[in-house]
Amino acid sequence: MSQRPAVFVARQAPAAELARLHALFDVDLNEPDIVLPRSELLQRLQGKLACMITGSERIDAELLEACPELRFVSTVSVGFNHIDVPACTARGVVVTNTPDVLTESTADFGFALMMAAARRMSEGERMLRDGRWQRWSWDLLAGADVHGATLGILGMGRIGQAIARRGHHGFGMPVIYHNRSRLDAAIEAAVGARYVSQDELFAQADHLVLVLPYAPAVHHIVGARQLALMKPTATLTNVARGGIVDENALVAALRAGRPGAAALDVFEGEPQVNPALLTLPNTVLTPHIASATIKTRTAMAALAVDNLLALVSGRPPLTALNPEVLDRQT
């Protein structure tokens, strides 16, 4: 019988990264690359020291109770709202994520989504594909300018700052932001950003991008009251987490014309999408792909594997979310 530690890999990963795991672990891979039912996930985790998961797998106290040998959880994501980190800490389970490596790709995509909403690109493509484009007119799908417009950012972490850089340096956009804590003056100056209250952010932004991490405290932080503050010409873009936005309130607001458009890469019940969003012409909708470049996804998988290899080799992981557990395990 093998004496090597066992790891469950919940979704497919690049072959080179799987080979690195095979060198030190007995690897149980979810070959079909589907989201496993909860009961099967619990079964596959039996006897496993570690697991490498994505945002599709929920790690909570119930699962930890059912899988007492689990000691390491490595998620291939920067967000970790699918993991009950305090429950993991209480049971001595180290949790790691993959920050930094996806910052620039996600910022690229967030900015592209914002531009698509502002310039009504999805509406234009649907019109063309449906054969409804018959002639030119001066106001055909006329949208909102991006250059020189006010860029608002809710959540000014790594990705928020990267989006601010693109707007300020590339498009001459005044940048306003709201964050749990104000940035240092030097960081604000580098991205041309000005701190405002949350209400001022919604009221003043021409294009508002949501980039704050999900937590219960910010569930539906964007609701009917906040949306009503926005300009009828404004756009709202979400590349954070779906639960930040009250989607029913957003549907009502978009129908009422305030804001004028929305671009969403994340959804509260994903992969299910609120059906009402699908019927609105003034939406740009993508399937949670902001980090989806070959280079970035490979780097995310590599960091997740690096964390697992470090843990079983007696080295501290690179990006532990609860490093206090390491001392206890040692």
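## Basis of the model

Residue numbers start from 1 along each chain as its sequence is written, and side-chain values use heavy atoms, with hydrogens and water left out. In this predicted model, local features need pLDDT of at least 70, side-chain atom pairs count only at pLDDT 80 or more, and totals for chains, interfaces and linings use all residues.

Helices (H or I, at least four residues) and strands (E, at least two) are DSSP runs, numbered from the N terminus. Two strands pair if DSSP finds at least two bridges between them.

## The five-stranded sheet

An open sheet of 5 strands runs in the order β2-β1-β3-β4-β5, with parallel pairing. Its edge strands are β2 (26–29) and β5 (94–96), each pairing on one side only. Neighbouring strands are turned by 15 degrees against each other on average, direction ignored. Axes here are lines fitted to C-alpha atoms, for helices over the stretch in contact, and angles run from 0 to 180 degrees between N-to-C directions. Strand β4 (residues 72–75) pairs with β5 in the parallel sense over 3 bridges. In β5, V94 stands opposite F72.

Two helices lie across these strands. Helix α13 (residues 294–312) lies across β1, β3, β4 and β5, at about 165 degrees to β4. Contact means heavy atoms within 4.5 Å.

## The seven-stranded sheet

A second open sheet has 7 strands in the order β8-β7-β6-β9-β10-β11-β12, with parallel pairing. Strands β8 (193–195) and β12 form the edges, and each pairs on one side only. The twist averages 20 degrees from one strand to the next.

Strands β11 and β12 pair in the parallel sense over 3 bridges. A263 stands opposite V284 in β12. Helix α11 (residues 247–256) packs on this sheet and touches β10 (235–238), β11 and β12. The direction of α11 makes about 145 degrees with that of β11.

## The cavity

The count is 1 cavity of 30 Å³ or more. On a 1 Å grid over the protein atoms alone, a cavity is a set of points where a 1.4 Å probe fits but cannot get out; lining residues have an atom within 4 Å of a point. Grid points are joined across faces, edges and corners, and the volume is the space filled by probe spheres set on the points.

The largest cavity has a volume of about 50 Å³. Helices α5 (103–118) and α6 (121–129) and strands β11 (261–264) and β12 (283–285) each supply at least two lining residues. The largest share, 3 residues, comes from α6. Among the lining residues are R120, M121, E123, A261 and V284. The lining divides into 7 nonpolar, 3 polar and 2 charged residues. Here Ala, Val, Leu, Ile, Met, Phe, Trp, Tyr, Cys and Pro count as nonpolar, Asp, Glu, Lys and Arg as charged, and the others, Gly among them, as polar.

## Salt bridges and backbone features

The whole structure holds 21 salt bridges (a side-chain nitrogen of Lys or Arg within 4 Å of a carboxyl oxygen of Asp or Glu). D26 forms one with R4, the closest N and O atoms being 3.3 Å apart. This pair links distant parts of the chain: D26 is in strand β2, R4 is in the segment before β1, and they are 22 residues apart.

The peptide bond from R258 to P259 is cis, with omega near 10 degrees. P259 sits in the loop between α11 and β11. The bond from E270 to P271 is also cis, with omega near 10 degrees, and P271 lies in the loop between β11 and α12 (275–279). D100 is not a glycine, yet has a positive phi of about 75 degrees. D100 is in the loop between β5 and α5.

Notes. 1 Å grid on protein atoms, 1.4 Å probe; cavity = no way out; pocket = protein on both sides within 12 Å on 5 of 7 lines; lining within 4 Å.
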